[in-house]
Amino acid sequence: MAHPPQRTKMLLAIIFYKCFTAGLLIFTSITLLTAYKNYDALMDFTDQYSLVGKRESIKFILNKLTDFSAKKIELAGIAMMLYGILSLVESIGLWYQKIWAEILVLVMVGIGVFPEIYEIAKEVKPVKIIILIINLIVFGYLAHKLYKEFQHRKSIPPS
């Protein structure tokens, strides 16, 4: 049985990055879903609090601070959970050096580059630029790796 090739430092860095992203997304999702679950309780609390007459003001301030309805919070939480799970699946596939995982990461990163550029064009922030650069490096590395792999397979005569 042939041993898989060693994982490069770059591949290990990408796996770590995808695991970190998955953890962050799942944590944020749980936080949002908890907030959604407790949204009505928070509103009830404001009713029972000594500022009963201020309920609408408090609700207005909360909505302005978050700018989300309870339903949007729930949908965002579900979307983040799904994307976090997908990132975790990508990292596991990369760990086991599966070509489908490399292609999946390449597609997902590629899809995200243009919205990231659009976001930077709207508002330049160092964090956004750093994330874009990381994603471009990941994209370039995996595209090059896949290209070399397919060239190698093409050169091997069928048995």
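Predicted model: local features only at pLDDT ≥ 70, side-chain atom pairs only at ≥ 80, totals over all residues.

Which residue forms a salt bridge with Glu123? I found that Lys125 does, the closest N and O atoms being 3.8 Å apart, where a salt bridge is a side-chain nitrogen of Lys or Arg within 4 Å of a carboxyl oxygen of Asp or Glu. Lys125 counts as partly exposed at 39% relative accessibility, and Glu123 does at 40% (buried means under 20% relative accessible area, exposed over 50%, partly exposed in between, with a 1.4 Å probe and protein chains only).

Residues are numbered from 1 along each chain as its sequence is written, and side-chain values use heavy atoms, with hydrogens and water left out.

The protein averages a pLDDT of 84, and 77% of the residues score at least 70.

I then went through other charge pairs, the structure holding 6 salt bridges. Lys145 forms one with Glu102, their closest N and O atoms lying 2.6 Å apart; this pair links distant parts of the chain, with Lys145 in helix H5 and Glu102 in helix H4, 43 residues apart (helices are DSSP runs of H or I, at least four residues, numbered from the N terminus). Both Lys145 and Glu102 are buried, and together with Glu149 they are linked in a network of salt bridges.

Definitions and conventions. pLDDT = per-residue confidence, 0-100. Helix = DSSP H or I, 4+ residues; strand = E, 2+ residues; numbered from the N terminus.
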